[in-house]
Amino acid sequence: MTQRDDSHDLRDSINRDRIYQQKKLEGLDNAINSLMKWKEEHRFCLMGDELTHLNDIIDDLTDRFIDLKDDNKQ
């Protein structure tokens, strides 16, 4: 029978954290996609400044998503 030591616990903790971070990234990606879909469905209702502001928000969220995804790979 194999005994668990601190390295097993550390590895398990790292794996759980990696899975948690991946789920958060997937949630953010889904939220961005939902926002883009909503924008497309309602673009005829949005004024020029509103559409510009919404595009800026989506771009900012996308940039943050990419940065977090890159950080998560390291």
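My entries on the helix pair, the core and some residues follow.

**Ground rules.** I worked on a predicted model, where local features need pLDDT of at least 70, side-chain atom pairs count only at pLDDT 80 or more, and totals for chains, interfaces and linings use all residues. Residues are numbered from 1 along each chain as its sequence is written, and side-chain values use heavy atoms, with hydrogens and water left out.

**Helix pair.** I took helices as DSSP runs (H or I, at least four residues), numbered from the N terminus. I looked up α1 (residues 6-42) and α2 (residues 48-73). They pack at an angle of about 160°, and their axes are 10 Å apart. That makes α1 roughly antiparallel to α2; the term covers angles over 145 degrees. Axes here are lines fitted to C-alpha atoms over the stretch in contact, and angles run from 0 to 180 degrees between N-to-C directions. I noted the crossing of α1 past α2 as left-handed, that is, the near helix is turned anticlockwise from the far one by less than a right angle.

**Who makes the contact?** I counted heavy atoms within 4.5 Å as contact. From α1 I listed residues including Leu25, Leu28, Ile32, Leu35 and Trp38. From α2 the contact residues include Leu51, Leu54, Ile58, Leu61 and Phe65. By class, the contact has 13 nonpolar, 5 polar and 3 charged residues. For these classes, Ala, Val, Leu, Ile, Met, Phe, Trp, Tyr, Cys and Pro are nonpolar, Asp, Glu, Lys and Arg are charged, and the others, Gly among them, are polar.

**Core.** Which residues make up the largest nonpolar core? I found Leu25, Ile32, Leu54, Ile58 and Phe65, 5 residues in all. A core is a set of buried Ala, Val, Leu, Ile, Met, Phe, Trp, Tyr and Cys residues joined through side-chain atoms within 4.5 Å. α2 gives the most to this core, with 3 residues.

**Ile58.** Is isoleucine 58 buried or exposed? It is buried, at 6% relative accessible area (buried is under 20%, exposed over 50%, partly exposed in between; 1.4 Å probe, protein chains only). Setting aside residues up to four places away in sequence, Ile58 touches Ile32, Leu35, Met36 and Lys39. Its C-alpha is 7.4 Å from that of leucine 35, 23 residues apart along the chain.

**Asp59.** I checked aspartate 59 too, which is also in α2. Aspartate 59 is partly exposed, at 45% relative accessible area. Aspartate 59 and leucine 10 are 37 Å apart, C-alpha to C-alpha.

Key:
Helices (H or I, at least four residues) and strands (E, at least two) are DSSP runs, numbered from the N terminus. Angles under 35 degrees count as roughly parallel, over 145 as roughly antiparallel, 65 to 115 as roughly perpendicular and the rest as oblique.
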